[in-house]
Structure formats: C-alpha cells, structure tokens
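Subject: Structure for you to look at

Hello,

Here is the structure I promised. Please open it first, then read my notes alongside.

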Amino acid sequence: MSRQKILIDTDPGVDDALAIHMAFADPRLDVVGLTTVFGNVHTYQATRNARHLVEMAGLVVPVAHGAEKPYQQAQRDPAHFIHGAEGFGDLPAPDPQRPADPRSAARFICDMADEHGEDLILCPIGPLTNLAHALDLDANLQNKIGGVVLMGGAVTVPGNVNAFAEANIHNDPHAAEMVFAAGWDVRIIGLDVTEQILCTSQHLEDIALGAPGIGGFLRDVSAFYVRFYQDSRSFDGCCLHDPAAVIAITDPDWFSYETAPVKVVLDGEGLGDTQIVDDSSRPHVRFATACRHEEIRDHFIATLKSTDQRLVER
Ligand code: BDR
Ligand code: CA
C-alpha cells in the first residue's frame with residue numbers, strides 16, 4: 001500500500017500534538033517533515049516541541065524552523081493561556097536531542113514539493129506564514145504539489161478570536177490571503193466543522209489507557225487545554241481542530257464541501273475573517289461545511305490508542 005505523503009506545518013500547541021501523533025500512528029500516512037511557525041507558542045518553542053514529538057514517536061522526521069513573525073502585520077502574543085507557557089499545557093519545556101533541519105521551513109517546503117510533486121499534500125495547522133514565504137521562493141509551487149488541506153478559518157460561522165476571525169488566520173491574515181489566492185487545490189477545514197468534533201476528558205483517559213506512553217503524554221498535555229474549555233465553554237473536553245485536517249486527508253468522505261472563492265479581510269474589525277466573494281477572477285477553494293463528527297472522533301481515539309503498539313512494531 002502506498003502511503004500518502006504529507007508535510008505538517010505546525011505551532012505545537014496541544015491540538016497540534018494530538019494531530020501529529022495521530023498522523024505518525026496512521027499507517028496510511030508518510031509524514032515527510034514538520035515545519036514550524038508561531039501562533040500557540042513562539043517559533044523557537046514550536047520547533048523544540050515538534051522535535052520532541054518526533055523523538056517520542058521513535059521516528060527520524062525532519063523538523064524545519066519557520067517564520068518567527070507574520071508576513072506583514074505586527075506580531076501578537078502567543079496563546080499561552082490556551083496551550084500553556086511552553087505549548088504543552090502544564091508540562092515543562094522538553095529537551096529533544098536531535099537538531100532541526102538546517103533549512104528554513106519555506107525552503108524545506110519547496111524542496112519537498114520538488115522531491116515529491118503531486119504525491120505531496122501540505123497540511124498547515126497553524127498560521128500560513130511559511131506557505132506564503134514558500135510561494136515567494138518558488139513562483140510555480142502551487143502547480144507542483146497535490147494540494148493543501150489546512151485547519152483555519154470560519155467561513156459560515158463566527159470566529160474564535162472574536163466574532164469574525166479564527167486564530168490561525170487572525171495570526172497572519174496576509175499570508176492566508178496569499179494561500180487562498182494562489183490557485184492550488186485548497187481545502188479549508190475551519191471552525192465550520194472542527195467545532196462539531198469534540199473529544200471528552202474520558203476519551204483522553206481511554207487513549208492513555210490504551211497507549212500509556214504517547215497516549216499518557218497526550219492526556220497530560222491536554223489537561224491545561226481542557227481547563228480552558230471547562231472555563232470558557234463549560235465543556236469537559238476539547239475540539240479536535242488540528243486532527244480534523246489530518247483526517248480530511250486520510251478519510252475525505254467524512255467531510256462535505258462547498259466550492260467558492262474565499263478571501264481574507266485584511267483590515268478593520270473583521271481582520272482575519274474568511275469570506276465567500278463573488279469574484280470570478282479569483283480561484284475557487286473548497287471549504288468544509290459538514291462532517292461525520294462521530295466517525296472522525298472515533299477514528300482519532302482508535303488511532304491514538306494504537307500509538308504505543310506501533311512504536312514497538314517500528
Ligand atoms: C487553531 O488555533 C490554534 O490555537 C489551534 O492549534 C488550531 O490550529 C484553532 O482555531
Ligand atoms: Ca495549531
């Protein structure tokens with residue numbers, strides 16, 4: 001069976017960690033690299049955390065350090081109040097041993113596009129800054145790869161930073177606008193669907209029971225994130241934002257989409273809003289409007305329960 005090659009661009013981050021370990025554990029996926037960006041944490045923390053996730057999984061997957069600030073706008077503070085001071089909830093900073101790849105994230109993305117071509121799907125689950133820089137480096141990048149499946153945006157629902165904007169897009173709206181306008185095959189997995197994909201504390205306990213090593217780590221990392229949901233939404237669990245983008249690659253039939261040009265608002269109170277526009281000069285993108293959230297959640301749980309066993313088999 002040939003495995004789908006994906007490159008995850010990420011700001012780990014609790015739900016990023018959930019998504020990355022789930023991707024590592026899915027035998028249908030070949031993660032060719034992680035590239036890092038600011039957002040939930042500073043980029044130096046994202047790179048360190050990503051290297052730690054790779055080492056935990058017993059893999060040799062390159063991690064390339066990415067942009068440290070947005071494409072154009074001023075930098076915002078990281079979301080430490082949601083993901084913890086070091087990005088892994090209450091846990092202290094990890095100390096991974098293997099160094100980062102010497103290439104920049106943008107360079108790495110371009111190199112992977114040249115190496116794997118249409119076999120490669122980019123899966124950004126943070127702000128889209130590295131993809132924007134990669135488009136600057138290679139004017140033909142959008143024609144080389146198989147597509148982009150991203151977590152970000154809120155096309156038909158309110159945002160989570162404010163009434164308009166979702167966090168990944170709000171953190172770098174100019175980069176997102178470049179990505180949406182570039183003319184490649186873009187699938188947007190936004191809050192429209194990810195807020196329906198819910199995982200409870202008990203599910204995280206179940207994962208830890210099935211896989212005490214990696215699952216236990218993910219349960220511990222998630223405790224701080226779950227407290228944010230308990231305090232802000234009275235929900236004892238969390239949304240599976242970032243895992244949803246990975247599952248949209250492995251199990252596309254669980255999502256349904258509408259197709260339209262989508263632009264990003266670049267000023268005013270709606271900064272970072274993702275809006276459908278009636279503009280035939282812009283490329284169409286697909287944005288998810290519905291999903292089979294129970295199947296998606298159950299697949300997430302089952303895959304992560306198998307992580308420790310897969311580590312032994314590797
Ligand atoms: C997105 O923002 C980040 O906080 C999460 O990791 C996810 O990528 C959800 O809006
Ligand atoms: Ca993220």
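Which protein donors does the calcium ion (ligand 2) have? They are Asp11 (OD), Asp16 (OD), Asp16 (OD), Ile125 (O) and Asp242 (OD), and they lie 2.2 to 2.6 Å from the ion. Donors are N, O and S atoms within 2.8 Å of the metal (3.2 Å for Na, K and Ca); water is not among the atoms, so sites may look incomplete. Along the sequence, the spacing of the donor residues is D-x4-D-x108-I-x116-D. Asp11 sits in the loop between β1 (4–10) and α1 (14–25), and Asp242 in helix α11 (residues 241–250), so the pair ties together parts that are 231 residues apart in sequence. Helices (H or I, at least four residues) and strands (E, at least two) are DSSP runs, numbered from the N terminus.

Asp11 is buried, at 0% relative accessible area. Asp242 is buried too, at 2%. Buried means under 20% relative accessible area, exposed over 50%, partly exposed in between (1.4 Å probe, protein chains only).

A word on the source. This is a predicted model: local features need pLDDT of at least 70, side-chain atom pairs count only at pLDDT 80 or more, and totals for chains, interfaces and linings use all residues. Residues are numbered from 1 along each chain as written, chains are lettered from A and ligands numbered from 1 in the order written, and side-chain values use heavy atoms, without hydrogens or water.

Now the core. The largest nonpolar core has 61 residues. Ile8, Phe24, Leu34, Ile189, Phe255 and Phe300 touch the most other members. Helix α1 gives the most to this core, eight residues. Another core, of 35 residues, lies apart from it and includes Ile109 and Leu128. A nonpolar core is a set of buried Ala, Val, Leu, Ile, Met, Phe, Trp, Tyr and Cys residues joined through side-chain atoms within 4.5 Å.

What does Ile8 touch, beyond its neighbours within four places in sequence? Its contacts (heavy atoms within 4.5 Å) are Ile20, Ala23, Val31, Gly33, Leu34, Thr35, Cys123 and Ile125. Ile125 is also one of the calcium donors.

Best wishes
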